Amino acid sequence: MPAPLPVDRSGIVVAVLAFCGVVVALMQTLVVPLLPSLPHLLDTSPANASWVVTATLLSGAVCTPVMGRLGDMFGKRRILVVSLGLMVVGSVLCALSDALLPMVIGRFLQGASFGVIPLGISIMRDELPPAKLGSAIALMSATLGIGGAIGLPVAALIAQNTDWHMMFWAAGAIGAVDIALVLFLVPESPIRLPGRFDFAGAAGLSVGLISLLLAITKGGDWGWGSPITLGLLGVALVVLLAWGYLELRTAQPLVDLRISAKPQVLFTNLASVVVGFAMFAQSLVFPQILMNPEVTGYGLGKSMVVAGMCMAPSGIVMMLVSPLSARLSSTYGPKVSLMAGTVVIAIGYALSVFMIDAVWKIVTMAVLSAVGVALAYAAMPSLIMQAVPISETGSATGLNTLMRSIGTSTSSAVIGVVLANMTMHTGGREFPAHDAFTTALWLGCGAAVVGFVVAVFIPGRKPSEAGQIPAQTRQDSTASVRTSS
C-alpha cells in the first residue's frame, strides 16, 4: 500500500477531485435551458434534437465502468485526465457547432467524462489517510447532485444573457483548468491491476447498455409497443445475459461479477437504481411547476433562471450534509446512512404532494429531499469499498455509478409517460395536469420506500468497521500492486 498523503496535502487533493466531479456533473444540466430552442438553433425536428441529451446519457453509461477498469489497470490519475480531456474536446466541438451531428458528437464526448466521479473516489481510497477518507468520499459522491443543481441556474443565466455557444466555451475552459489542477496537485497511485483489458466485455456491455437505455429514453417517442423499442429491449436482454455468461468465464473480466454478486455489493447496486429514480423525479417535477403559467391553476409562472435559482439551494445543502453523512456512517455504518437517506427522501416526496402551491414550499421540499439524497449517495461508495479489493475499486464504483444512471434514465422515461398522458388544455396549449405531478411525486416516494426495503437486506457491519477496508482485502490487493514507471 502507498503511504497516505499528509493531512494538509489531502485537503487539496479532495478539493481538486470534488471540483472535477462538480464540473462533470454540470454536463447533465448544461443544455436544459436550451431544450425548447434546440430544434430552431440546430435546424432540426424536436425528436432529433432530443439526441443532444440522449447521446450524453448513452456515452456516460458505457464509459463510466470502462474508465473505472482502465484506471485500475493503467493509473487512475492518467485515465482521469483522459476523461477530462474528452470533455474539453466535446465542449469545444459543441461551441463551434450550429448543426445537429457535430453537436451530438460533442455531447457524446462530454458524456465520456462521467467516469471522473468513480475515478476520483478510487484515488481517494488509494491516497487519503483513514481519518479523511469517509468525509472525502461522501463529498465526491454528492457532486453528482451538487453539479446538477448548480448547473441549471448557471446555464440559464449564460443562455439568457449571452450567445448560447458561450456555455460550451465556458465548460471547455473550466475543464482545461481541471486538467491542470489534476496534473499539478493530484498524485498518481502506484496500485495497478495487472493483465489485459477485456475488450470483448467492454463491447458486450456497450451494446447491451446502449440497447437498454435507447429503449428506455426513446420509447416514449417511438411507442412502447413499437417493433424498434421491443427489439432493443430484446437485444439488451440477450446481449447482457451472454455478456454475464462470458464475464464469469473470463480470467480478467471488465466487471468481476463474482464480486458484484456479493450481497453487500448486489443490494447496494439495486438500491442505487431506485434511489437514482427517486432523486431524478423531483428535478422533472419542480421546475415545470415553477415555470408553467398561472393560468393552469397550479403553475407559478417563473422564468427558467428563477426556477434554476430555486433548485440551486438543494445542491448547496448536499455539499453541507456530506460531512454529516460521513459521521453517521462512521458511527453507525453506511447501511444506516443509506436507510436514513431513503426515509428522508420518502418523507420529502410525501410532503411535497401537499406543498407545491408556493415557491418557498417547493424550495423547502427540494432541500429536504436533497438531504436524503446526500445521505444515501454518500453511503453507497463506502458500502461498495467495504466489500471489494482495493485493486477493483475503479470498476466497482464505476458500476455503482452506472446503476444510479440507469435509475435516473428510468425515472425520466416513467415520469415522462405520466406527464405526457395526464394532461389538460388551457389557453390553447396543452400542459401536464396537476394530478400528473402529484402522481410523479408519489412514484418518487414509492421508489424511496423500495430503496429502504432493499437496504435492509444489505449485510450489516459493526460501527467500528464502518468505512474500514478489511485486512484480508488489503493483503490480497498488495499482490497486484506494482510501481508505475
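Predicted model: local features only at pLDDT ≥ 70, side-chain atom pairs only at ≥ 80, totals over all residues.
**Stop 1: H165**

Select H165, which you will find in helix α9, residues 165-185. Look at D98 in particular. H165 and D98 are 67 residues apart along the chain, and their C-alpha atoms are separated by 9.0 Å. Is H165 buried or exposed? Its relative accessibility is 10%, so H165 counts as buried.

**Stop 2: T64**

Next, pick out helix α4, residues 51-74, and click on T64 within it. T64 has a relative accessibility of 1%, and because buried means under 20%, T64 counts as buried. To see what surrounds T64, show F114, G115, P118, G398, T401 and L402; T64 touches each of these, not counting residues up to four places away in sequence.

**Stop 3: the nonpolar cores**

Now select M124, F168, F286 and L338. The largest nonpolar core has 131 residues, and these four touch the most other members. Helix α16 gives the most to this core, with 13 residues. Zoom in on M124 and display V14, L17, L133, A136, I137 and M140, which M124 touches when residues up to four places away in sequence are not counted. Then look for a second, separate core of 6 residues; among them are I259, V265, I384 and A396.

**Stop 4: helices α14 and α15**

Colour helix α14, residues 304-332, and then helix α15, residues 334-352. The axes of α14 and α15 come within 6 Å and cross at roughly 130°, which means that α14 is oblique to α15. To view their meeting place, show S325, L328, S329 and Y332 from α14 together with P334, V336, S337 and A340 from α15. The residues of this contact divide into 5 nonpolar, 3 polar and no charged.

**Stop 5: helices α15 and α16**

Angles over 145 degrees count as roughly antiparallel, so α15 is roughly antiparallel to α16. The crossing of α15 past α16 is left-handed. In the contact of α15 with α16, there are 17 nonpolar residues, 8 polar and 1 charged.

Definitions and conventions
Residues numbered from 1 in each chain as written. Heavy atoms only, no water. Axes fitted to C-alpha atoms, helices over the stretch in contact; angles between N-to-C directions. Helix = DSSP H or I, 4+ residues; strand = E, 2+ residues; numbered from the N terminus. Parallel < 35°, antiparallel > 145°, perpendicular 65-115°, else oblique. Left-handed = near helix turned anticlockwise from the far one by under 90°. Nonpolar A, V, L, I, M, F, W, Y, C, P; charged D, E, K, R; others polar. Core = buried A, V, L, I, M, F, W, Y, C linked by side-chain atoms within 4.5 Å. Buried < 20%, exposed > 50% of the residue type's maximum accessible area, 1.4 Å probe, protein only. Contact = heavy atoms within 4.5 Å.
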